[in-house]
Amino acid sequence: MTDQALEAVQLTKSYTIDSRRIPVLDRVDLIVPAGTFVVIEGKSGSGKSTLLSLLSGLDRPDSGRIILAGTDITTFSEDQLAPFRNRTIGYVFQSFHLVPSLTALENIMFPAELCRDPMARAKALELLTRVDLAGRSTNFPHQLSGGEKQRVAICRALVNSPQILFADEPTGNLDSGNGDIILQLLLELRRERGATLVLATHSREISDRADQVVWLADGRIAPGPEEAGS
Ligand SMILES: Nc1ncnc2c1ncn2[C@@H]1O[C@H](COP(=O)(O)OP(=O)(O)OP(=O)(O)O)[C@@H](O)[C@H]1O
Ligand SMILES: [Mg+2]
């Protein structure tokens, strides 16, 4: 493990719809020291989810490099990326992405089973209990509320105790009590595992606890809302 959990160099990304180009990120640089807690803020549509998906290797930049846990993932093939991601990072999607055919418990166990962790079930049950959902373990995603799905998605991202956790608006659907439980779980991962947290959020309670808050606006990163012009 290097001192840097994550380094992004000159990341540029645009989407194309019907030959119309939508620029989103423009030469973004970011350095995240290991064990720190970084919050990405910015208006809706500013590119927070896009940036998280590039940093975590879910999507590819048009240009630029991403060094994750000392490894340049931009040189990886898809076949190399998948096991690296499962081993190294946890990801909480803004829209959860639970597997519809698996129960809450099975969704959480899944990444641990991929690693052949014999404790997969026990760890998943413990996490479900922590987020007050032990009574929903056999529910399928369509039988869960939005906030319950969000909590299951967070448990799934935590089950392998990842070195780096990315979370996209992890408390967006939660009341303050449940939001606080999630924040405590994330901080515990950092304390016990020295994990790095990279979160996109609008929550003041969360950004107040961060070591570093970066602002995205007009495709660039700025240290604060004033500099970003937001
Ligand atoms: N797959 C895609 N194809 C085309 N355009 C996209 C795609 N994904 C995102 N965009 C566009 O890129 C821009 C950035 O989107 P992104 O989801 O990263 O924003 P965000 O900051 O996460 O917003 P929010 O706070 O609403 O979640 C938006 O203008 C969006 O319309
Ligand atoms: Mg988003």
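Reader: Where is Ala69 found?

Author: This is a predicted model. In it, Ala69 is found in the loop between strand S4 (63-68) and strand S5 (71-72).

Reader: Why is Ala69 called buried?

Author: Its relative accessible area is 17%. Buried means under 20%, so Ala69 with its 17% is buried.

Reader: What makes the phi of Ala69 worth a remark?

Author: Most residues other than glycine have a negative phi. Ala69 is not a glycine, yet its phi is positive, about 50°.

Reader: Is Ser19 buried or exposed, and how do you know?

Author: Ser19 has 75% relative accessibility. Exposed means over 50%, so Ser19 counts as exposed.

Reader: What does Asp18 do in the hairpin of S1 and S2?

Author: Asp18 takes a positive phi near 50°. The hairpin has 2 residues between the strands.

Reader: How do you know that S1 and S2 pair?

Author: Pairing needs at least two bridges. Strand S1 (residues 4-17) and strand S2 (residues 20-33) are joined by 10 bridges, so they pair. They run antiparallel. Among the bridge partners, Thr16 goes with Arg21 in S2, and Leu6 goes with Val32 in S2.

Reader: What makes S1 and S4 a pair?

Author: The test is again at least two bridges. S1 and S4 have 5 bridges, so they pair. These strands run antiparallel. Glu7 stands opposite Ile67 in S4.

Reader: Why is Thr12 called buried?

Author: Thr12 is found in strand S1. Its relative accessible area is 17%. The limit for buried is under 20%, so Thr12 is buried.

Reader: What does the side chain of Thr12 reach?

Author: The side chain of Thr12 reaches the backbone nitrogen of Arg27 at 3.0 Å. The cut-off for a polar contact is within 3.5 Å, and the 3.0 Å between Thr12 and Arg27 lies within it.

Reader: With which side chain does Asp117 make a polar contact?

Author: Asp117 makes one with the side chain of Lys123, at 2.6 Å. Asp117 has its place in the loop between H3 and helix H4 (120-130).

Reader: Why does Asp117 count as buried?

Author: Its relative accessible area is 18%. Buried means under 20%, so Asp117 is buried.

Reader: Which residues come nearest to ligand 1?

Author: Of the 13 residues around it, Ser44, Gly45, Lys48, Ser49 and Thr50 come nearest.

Reader: How far is ligand 1 from N or O atoms of Gly45, Lys48 and Gln94?

Author: An oxygen atom of ligand 1 lies 2.8 Å from a backbone N or O atom of Gly45. The side chain of Lys48 has an N or O atom 2.7 Å from a ligand oxygen. For the side chain of Gln94, the distance is 2.9 Å. The protein covers 64% of the 640 Å² of accessible area that ligand 1 has on its own.

Reader: Which element gives the most to the shell around ligand 1?

Author: H1 gives the most, with 3 residues. By class, the shell has 3 nonpolar, 8 polar and 2 charged residues.

Note on methods. Residues are numbered from 1 along each chain as its sequence is written. Chains are lettered from A and ligands numbered from 1 in the order in which they are written. This is a predicted model: local features need pLDDT of at least 70, side-chain atom pairs count only at pLDDT 80 or more; totals for chains, interfaces and linings use all residues. Side-chain values use heavy atoms; hydrogens and water are left out. Helices (H or I, at least four residues) and strands (E, at least two) are DSSP runs, numbered from the N terminus. A residue is near a molecule or strand if one of its heavy atoms lies within 4 Å of it. A polar contact is a pair of N or O atoms within 3.5 Å; within protein, one must be able to donate a hydrogen and the other to accept it, and residues adjacent in sequence count only if both atoms are side-chain atoms. Accessible areas come from the Shrake-Rupley method with a 1.4 Å probe; for residues, only the protein chains shown count as cover. Ala, Val, Leu, Ile, Met, Phe, Trp, Tyr, Cys and Pro count as nonpolar, Asp, Glu, Lys and Arg as charged, and the others, Gly among them, as polar. Buried means under 20% relative accessible area, exposed over 50%, partly exposed in between (1.4 Å probe, protein chains only).
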